[in-house]
Amino acid sequence: MHIGGIGARAVDVVTMTVDGARRSILGNENGFDLMFTWNGSAYGNASPLPVRGSFHTRGLHVADLDLDGDLDLAVLRRSTHPAVLRAD
């Protein structure tokens, strides 16, 4: 799916709560992954996902990877190891 106006080609989208805020994360096949924060009535401006090397994503997976009760985000990327964003 091509997202007009921001030059992104979405391969996956997840929505999760991080630090008490609802965020939607767009896995972008053509560039940096993007995170949108819900402000109560609309999503705000996109910011790059704070995961080192979050580029050319193939998929996103949400699970409690460290069994602490919080959902974590695994970013599956092309030609490298997955990156993990932990909700601590």
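T57 counts as buried because its relative accessibility is 0%, where buried means under 20% relative accessible area, exposed means over 50% and partly exposed lies in between, with a 1.4 Å probe and protein chains only. The model is predicted, so local features need pLDDT of at least 70 and side-chain atom pairs count only at pLDDT 80 or more, while totals for chains, interfaces and linings use all residues. Residues are numbered from 1 along each chain as its sequence is written, and side-chain values use heavy atoms, with hydrogens and water left out.

**The chain as a whole**

- The secondary structure comes to zero helices and eight strands, taken as DSSP runs numbered from the N terminus (helices: H or I, at least four residues; strands: E, at least two).
- Of the 88 residues in the chain, 36% count as buried.
- The chain exposes about 5300 Å², of which carbon and sulfur atoms supply 52%, with accessible areas from the Shrake-Rupley method and a 1.4 Å probe, and for residues only the protein chains shown counting as cover.

**T57 and the sheet around strand β6**

- T57 lies in strand β6, which covers residues 57-63.
- Leaving aside residues up to four places away in sequence, T57 touches V11, G27, N28, E29, D33, V75, L76 and R77, a contact being heavy atoms within 4.5 Å.
- An open sheet of three strands has the order β6-β7-β8 with antiparallel pairing, and two strands pair if DSSP finds at least two bridges between them.
- Because β6 and β8 stand at the edges with a single partner strand each, one side of each is left without a neighbour in the sheet.
- Six bridges join β6 to β7, and in β7 the bridge partner of L60 is V75.

**Strands β3 and β4**

- Strand β3 (residues 21-28) has seven of its eight residues buried, so it is largely enclosed by the rest of the structure.
- A hairpin joins β3 to β4 through five residues, and the two strands run antiparallel with four bridges between them.
- The bridge partner of S24 in β4 is F36.

**The largest nonpolar core**

- The largest nonpolar core has eleven residues, namely V14, M16, V18, I25, M35, L49, L60, L73, V75, A83 and L85; such a core is a set of buried Ala, Val, Leu, Ile, Met, Phe, Trp, Tyr and Cys residues joined through side-chain atoms within 4.5 Å.
- The elements giving two or more residues to this core are β2 (8-18), β7 (72-77) and β8 (83-85), and β2 supplies the largest share, three residues.
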